[in-house]
Amino acid sequence: MEFQHSHASHCESGVMASLLRQHGLPMSEAMAFGLSSALSFAYLPIIKINGLPLVAYRMPPRHIIKGLQKPLGLSMRFETFGTPAAGEARLNQLLAEGKVVGMQTSIFWLPYIPEDLRFHFNAHNVLAFGRDAQSGDYLLSDPVVEHAVTCAPADLGRARFAKGMLAPKGLLYYPDKAPGTPAWGKILPKAIRKTTRVMLDTPLPIIGVKGIRRLANAFDRLDAKGAPAATKMFIGQVVRMQEEIGTGGAGFRFIYASFLQEAAELLGKSQLDELAGTLVDIGDDWREFALATARMIRDRDPLEPSALSGKLRRIADREQAFFHDLRRAV
Amino acid sequence: MLENEVPQEDNRTLDGHRKAVYARGSDGRVRIVQSTGWEVEEIVTRQAVDDLNRLAEEARQRVQAGQTSPLEYHMHHRRMDVALLSQLTGIWQWRIRRHFRPDVFSRLSPALLARYAEVMGIGLEELKKVD
């Protein structure tokens, strides 16, 4: 089957949707995201990136790839390598067999990514689907890029074998066994319930709705008068994770709403359609929070983190009610 | 967010690329819409990039004043910090900081310099100076 690139908002869900479609299972990015219960919220003050705490609106890297196996009866092969030469040889072999292969890379070393978005982040997922016969460059499908791209072997080698946190070690992955026909009536409620558990019941106070409140408390502790620059870096980082890092807008809330609409149709539950509408509204609240934050960073509004933490607490309240309703609906 | 509310604000950090965001169409369905970017994204990305550029620029000035070695400049220029550089090279952080001393840096062996140059993806000669 000839490979078809498609544009997605998030790399991991985009890669998995493409891989599944390639193996004959119609799959949207939103369905891959929702079915693997990838939506989340986490405020991890212990993990620092350039001195700032990690804020995530989704589950950790590889969660989607691994999480789709069970519901879809899919079996993924994962291969890592000790040396770049071995990793390149194996990739060439798989491509020669006509396979489409998922890869974990460092986004810093991918030359086709805009300069300003190239940070040392090691869990960027792309697909390789062939090689240019003349130049030997790889044909890549990077879901967050509008069109298919090419990448020289040396650059791809660097990206695949970058070291540091979440080092990819040349990771390649592809389905071993084609997916079966999904039993939507069983797997969708299960996936949705799992997300409600993460958002509502995680005992750690830094995950889910509690994590949003925890972040709000951290905003209140910021010293806006004494250290305005550091305050701006902190609040800016949160918005960057929410909007700029391939989330489809509003920290994956919109993409999950799209998943709920698909689920409503497959399950014949109109209630999920209504809940999708509510989640879009909550997503709009997140976008408003982002806008208010950006205005403070640019000094268009006075720097008052307490105004932002109020917005975060209102969002936390709304999400708590939303996930309770969602739990009751499935 | 409605389809016709999706910002098309030519975010410069996207360098002409368009990104996929999700929005509600007139039929109520949420689907992918291509966006040339939102100013909010540009503000927070520029903020992060500018901060990294500031660190590199300050290091460059200190190199010229003889207060640090070109190694520190190149580290920041490649968007790394000491912790990451240590992970990439396998050289202890205190040793890297010691190599920021110009007198120590000037005596480093070519093998050690090559380890730094390799992970930064630059040449040995480039590593020894600032541009």
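Predicted model: local features only at pLDDT ≥ 70, side-chain atom pairs only at ≥ 80, totals over all residues.
A residue is taken here as buried if 20 or more other C-beta atoms lie within 10 Å of its own, with the C-beta atoms placed from the backbone. An α-helix has 3.6 residues a turn, so residues three or four places apart point the same way.

Chain A is divided into domain 1, comprising residues 11–175, and domain 2, comprising residues 184–329. The centres of domain 1 and domain 2 of chain A, taken over C-alpha atoms, are separated by 25 Å, and 21 residues of domain 1 are in contact with 29 residues of domain 2. On the side of domain 1 of chain A that touches domain 2, the elements giving two or more residues are α2 (29–35), β1 (39–49) and β2 (52–58) of chain A; of these, β1(A) gives the most, with 6 residues. By class, this side of domain 1 has 16 nonpolar, 4 polar and 1 charged residues.

Between the chains, 41 residues of chain A are in contact with 34 residues of chain B. Helices α9 (228–244), α10 (253–267) and α11 (270–297) of chain A each supply at least two residues of the side that touches chain B, and α11(A) gives the most, with 9 residues. The residues on this side of chain A divide into 18 nonpolar, 11 polar and 12 charged.

Chain B itself has 7 helices and 2 strands, and from the N terminus on its elements run β-β-α-α-α-α-α-α-α. The C-alpha atoms of chain B fill a box of roughly 70 × 30 × 25 Å along the principal axes, and the radius of gyration of chain B is 21 Å, whereas a compact globule of 131 residues would have one near 14 Å. Of the 131 residues of chain B, 33% count as buried. Among the contacts in chain B with a separation of 6 or more, 47% are accounted for by residues 24 or more positions apart.

Notes. Residues numbered from 1 in each chain as written. Chains lettered and ligands numbered in written order. Helix = DSSP H or I, 4+ residues; strand = E, 2+ residues; numbered from the N terminus. Rg over C-alpha atoms; globule rule 2.2 N^0.38 Å. Buried ≥ 20, exposed ≤ 12 C-beta atoms within 10 Å, placed from the backbone. Contact = placed C-beta atoms within 7 Å. Domains from an automatic or database assignment. Nonpolar A, V, L, I, M, F, W, Y, C, P; charged D, E, K, R; others polar.
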